[in-house]
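Dear colleague,

Please find below the sequence and the structure that I am handing over to you. My notes on what was found follow directly after them.

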Amino acid sequence: MQYGKVEISGINTSELKLLSEEETHELLMLTKQGDKEAREKLINGNLRLVLSVLQRFIGRGESADDLFQVGVIGLIKAIDNFNTDLNVKLSTYAVPMILGEVKRYLRDYRPVRVSRSLRDLAYKAMQAKEKLTARNQCEPTVEQIADEIGAKRSDVIIALESATDPVSLYEPMYSDSGDAFYLLDQVSDKTDSDMALNEMLVDDAIKKLPERERRILNLRYVQGKTQVEVAKSIGISQAQVSRLEKGAINNIRSMIEA
C-alpha cells in the first residue's frame, strides 16, 4: 500500500521507513539485549504496520491521531513481549496486539457507553463463538452460543451488537490492486470482522507445515476433493489422509494460539 503525504501525530507517513526481515531480526536481537536505540528504530520501522491496521477504523468519527498513538502502544507492547526464539514474524505477532489495543480504546472511550454486565456477556459470547468454531469447523448460530454460555438468545444478540462498531454500508474499501469497492457489495448473512486477520495468521501457519500436509489441505479445502480422492491422488490410505489432515489442522490451531 502506498501512502501519500499525510501527517498523523506530526509524522509524515510518506517518509516512514520499511524494514527488511533481516533488519527487523537484527534490531529485535539488539533490543532484547537492552539497546534502546535499536528499539526506537524497530518502532519507527514498523509504523506502517500500525497504519495498515488502522485503515479499517479511519473515517468513523475517531481522531486519526488518537488511534495512531493507541496503535503505536500496541506495537511497543508487541516488541517488548516478542519471543525471538519462536519461528514467528514480528508483524504476525504485532497485528493482533495493535488491533486489540485499538479495540479496547474504542470500547472504553466510544460515545455510546455500554454497561459492564453487557460487555462481560459480549466477551463470553465471543469466546464461546471462537471455541465452537474451532470445535465444529463452522461458525455457530446464536442459539448454539447461547446454549454454550447458558444465556438467553435475545441477551446474546443484544450483547454482540453492543460490541460491534457501526459501519456505513457505503464505506469505501480497497482491494490489493487499489480499486475501491463498497462494503455493501461484500455484505452476507454471516460476517466476521476479524476474517482478514485470521486468514493472514492461518496462511502463515500453513506455510510452516510439511509439504505433504500442505498438499492434502489444498486438495481437500481448495479443490474440494474427498478423503478417498485425496488418498488415490497421493497414493496413501484414506485413514492416513484423515490422520494427516487432522494433525495439520491441530498444528495450525496450535501455531495460531501460541
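Lys129 is partly exposed, at 24% relative accessibility. Its side chain meets that of Glu139 in a salt bridge, with a distance of 3.4 Å from N to O. Lys129 lies in helix H6 (116-136) and Glu139 in the loop between H6 and helix H7 (142-149), so the pair ties together parts that are ten residues apart in sequence. Glu139 also counts as partly exposed, at 28% relative accessibility. Please bear in mind throughout that this is a predicted model.

The loop between H6 and H7 also holds Gln137. Most residues other than glycine have a negative phi. Gln137, however, has a positive phi, near 60°, and is a residue other than glycine. With a relative accessibility of 51%, Gln137 counts as exposed, because the cut-off for exposed is over 50%.

I turn next to a pair of helices. Two packed helices are described by the angle between their axes and the distance between the axes. Helix H2 (residues 36-44) packs against helix H4 (residues 64-81) at an angle of about 130°, and their axes are 10 Å apart. This angle makes H2 oblique to H4, since angles over 145 degrees would count as roughly antiparallel and those from 65 to 115 as roughly perpendicular. The crossing in which H2 passes H4 is right-handed.

Which residues make the contact between H2 and H4? From H2 come Arg39, Leu42 and Ile43, and from H4 come Val72, Leu75, Ile76, Ile79 and Asp80. Of the residues in this contact, six are nonpolar, two are charged and none is polar.

Side chains of opposite charge can pair when their charged atoms come close. Asp80 and Arg39 form a salt bridge, in which the closest N and O atoms are 2.9 Å apart. Asp80 belongs to helix H4 and Arg39 to helix H2, so this pair ties together parts that are 41 residues apart in sequence. Asp80 is partly exposed, with a relative accessible area of 38%, and Arg39 is partly exposed at 28% relative accessibility.

Helix H2 contains a further pair. The side chains of Glu37 and Lys41 meet in a salt bridge, at 3.7 Å from N to O. These two residues are separated by about one helical turn, because they are four residues apart in helix H2. Glu37 is exposed, with a relative accessible area of 55%, whereas Lys41 is partly exposed, with a relative accessible area of 46%.

How many salt bridges does a search of the whole structure find? The search finds nine.

Finally, some values for the protein as a whole. There are twelve helices and four strands in the protein. Of its 258 residues, 30% are buried, that is, they have under 20% relative accessible area. Among contacts between residues at least 6 apart in sequence, 57% join residues at least 24 apart.

With kind regards

Notes. Residues numbered from 1 in each chain as written. Predicted model: local features only at pLDDT ≥ 70, side-chain atom pairs only at ≥ 80, totals over all residues. Heavy atoms only, no water. Axes fitted to C-alpha atoms, helices over the stretch in contact; angles between N-to-C directions. Parallel < 35°, antiparallel > 145°, perpendicular 65-115°, else oblique. Left-handed = near helix turned anticlockwise from the far one by under 90°. Contact = heavy atoms within 4.5 Å. Nonpolar A, V, L, I, M, F, W, Y, C, P; charged D, E, K, R; others polar. Salt bridge = Lys/Arg side-chain N within 4 Å of Asp/Glu carboxyl O. Buried < 20%, exposed > 50% of the residue type's maximum accessible area, 1.4 Å probe, protein only.
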